[in-house]
Amino acid sequence: MLINNFEIEVKRKQVKNINLKVYPDLTIKVSVPKNMDIDTLKRMIISKEEWINNQLKRYREQNRITKRNYVSGEDYYLNGKRYILKVCDSNTPHIKIENNNRMIMYVRKTSSVENKEKLMNYFYKENLKNKLNKFIPLWENKIGVKLNCYSIRKMKNKWGSCNTDRKEINFNLELAKKKDSEIQYVVIHELLHLIERNHNENFKNLMYIFCPKWQLYQETLNEIL
């Protein structure tokens with residue numbers, strides 16, 4: 001639906017509040033109550049025009065920045081900290097952190113960008129896995145739920161997703177770049193879906209109980225890294 005020059009995907013649901021989101025792929029989606037009239041929706045979108053444009057601008061800039069060639073001098077984030085990449089020749093591909101501000105990538109001189117990217121993704125996945133293996137049991141015990149399994153993969157529009165029937169959670173690989181507090185927020189959020197499937201008032205109340213600063217973490221998660 002075209003509203004105020006924005007192409008917006010509108011979903012009518014059994015909800016009380018309007019939920020407007022702008023995603024990294026520049027899509028705009030809004031969930032609205034089933035009985036909301038189109039004029040009310042249009043007024044809401046117009047009132048959010050500046051916010052929508054700011055989000056689109058931020059994601060466009062993010063998409064421009066994150067095109068990587070994996071060469072010395074590029075910056076990369078891990079656990080919320082910025083590191084400068086240094087690429088070194090080696091027959092044993094691996095990555096390590098050095099001097100608290102430098103990320104060293106050891107690869108063959110002939111290594112392609114695609115292979116460097118695979119190595120970086122593996123490095124991120126292993127780091128995130130170590131975090132999740134600590135945080136998931138911690139919050140399972142606090143919340144009183146039990147997960148069957150989890151996976152880590154690249155996701156376009158979500159930091160995590162929970163299959164409540166199978167009790168499985170998918171985590172976005174990009175979480176490896178984020179702070180522990182933000183990773184824990186996502187863990188808590190997804191585990192709470194094992195109690196409450198929907199993002200309703202009950203779910204929000206649970207978030208306030210187990211993660212009082214959840215709205216702050218929700219906001220900072222989308223900052224450009």
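**Close-up 1. Salt bridges around D75 in the predicted model.** D75 forms a salt bridge with R68, in which the closest N and O atoms are 3.3 Å apart, the term salt bridge standing for a side-chain nitrogen of Lys or Arg within 4 Å of a carboxyl oxygen of Asp or Glu. D75 also forms a salt bridge with R82, where the closest N and O atoms are 3.1 Å apart. With a relative accessibility of 19%, R68 counts as buried, whereas D75 at 21% counts as partly exposed and R82 at 47% counts as partly exposed (buried means under 20% relative accessible area, exposed over 50%, and partly exposed in between, with a 1.4 Å probe and protein chains only). This is a predicted model, in which local features need pLDDT of at least 70 and side-chain atom pairs count only at pLDDT 80 or more, while totals for chains, interfaces and linings use all residues. Residues are numbered from 1 along each chain as its sequence is written, and side-chain values use heavy atoms, with hydrogens and water left out.

**Close-up 2. The salt bridge between D165 and R197.** D165 forms a salt bridge with R197, the closest N and O atoms lying 2.6 Å apart. Because D165 lies in the loop between β10 and β11 and R197 in the loop between α4 (180-192) and α5 (201-210), the pair ties together parts that are 32 residues apart in sequence; helices (H or I, at least four residues) and strands (E, at least two) are DSSP runs, numbered from the N terminus. Both D165 and R197 are exposed. By contrast with this pair, salt bridges that share partners join R68, D75 and R82 into one network.

**Close-up 3. Pairing of strand β2.** Strand β1 (residues 2-3) and strand β2 (residues 6-13) run antiparallel and are joined by 2 bridges, two strands being counted as paired if DSSP finds at least two bridges between them. L2 stands opposite E7 in β2, and in the hairpin of β1 and β2, which has 2 residues between the strands, N4 takes a positive phi near 55°. β2 also pairs with strand β4 (residues 28-33), in the parallel sense and over 6 bridges, with V30 in β4 as the bridge partner of V10.

**Close-up 4. Positive phi angles in two loops.** N79, found in the loop between β5 (75-78) and β6 (81-89), has a positive phi of about 55° although it is not a glycine. K167, found in the loop between β10 (160-163) and β11 (168-172), likewise is not a glycine and has a positive phi of about 55°. N79 is partly exposed, with a relative accessible area of 26%, and K167 counts as partly exposed at 38% relative accessibility.
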